[in-house]
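Dear colleague,

I am handing over the structure below, and after it I set out what was found.

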Amino acid sequence: MEISSIKVGFLKCNCYLLEKEGECLIIDPGDDYDKIKKYCRNKVIIGILLTHSHFDHVASVDNLVNDYNIEVYTLENFNEGVNRIGNFEFEVIYTFGHTMDSVAFYFREDKVMFTGDFLFKDTIGRCDLLESNIEEMKKSIEKIKKYDDDITIYPGHGMKSNLGYEKKNNIYFK
């Protein structure tokens, strides 16, 4: 699987374009629709995955849905566990805390996890917002600790990381 990262909007949200066997998924298409559309040129877009519903992660959804006639997949579309869209097989992990609709997408075959604003390099997402819940965040962290150390983490903002690194260095994992 090929992964392209596109920094979009004034909050520099990481929008990801995943390509596999001629099909593409978009994760968290925030603001900067024209920039995202350039990356999508000549590609077969089969869906949009959203890690949560904050504006900086969803601002281009309507335009992309209209242009490509594709479905948007959120917490409401998935049960926790293994799911498939086209050539993509991935695990949906409920990661409540930053929001109560937060999910992570784990692509086991490629050992990559897209964590949205749940987990960043060296920290976690904010839990002081109205829809946040620190107790749920603690449960989500415990859940993620059970996954393999060699998984690459692709967060909603900032640089990618590694789950083993986070287990050793992220103060919220101690």
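The structure holds zero disulfides, and C127 is in none either, since the nearest cysteine sulfur, in C13, is 17 Å away. C40 counts as buried because its relative accessibility is 2%, whereas C127, at 22%, counts as partly exposed (buried means under 20% relative accessible area, exposed over 50%, partly exposed in between, with a 1.4 Å probe and protein chains only).

This is a predicted model, in which local features need pLDDT of at least 70 and side-chain atom pairs count only at pLDDT 80 or more, while totals for chains, interfaces and linings use all residues. Residues are numbered from 1 along each chain as its sequence is written, and side-chain values use heavy atoms, with hydrogens and water left out.

In helix α4 (residues 134-144), the buried residues are M137, S140, I141 and I144 (helices are DSSP runs of H or I with at least four residues, strands runs of E with at least two, numbered from the N terminus). They cover an arc of only 100 degrees around the axis, so they sit on the same side of α4; the arc is that of the directions from the helix axis to the C-beta atoms. These buried residues pack against β7 (88-94), β9 (112-116), β11 (123-124) and α5 (163-169), contact meaning heavy atoms within 4.5 Å.

Best regards

Note on methods
Disulfide = S-S within 2.5 Å.
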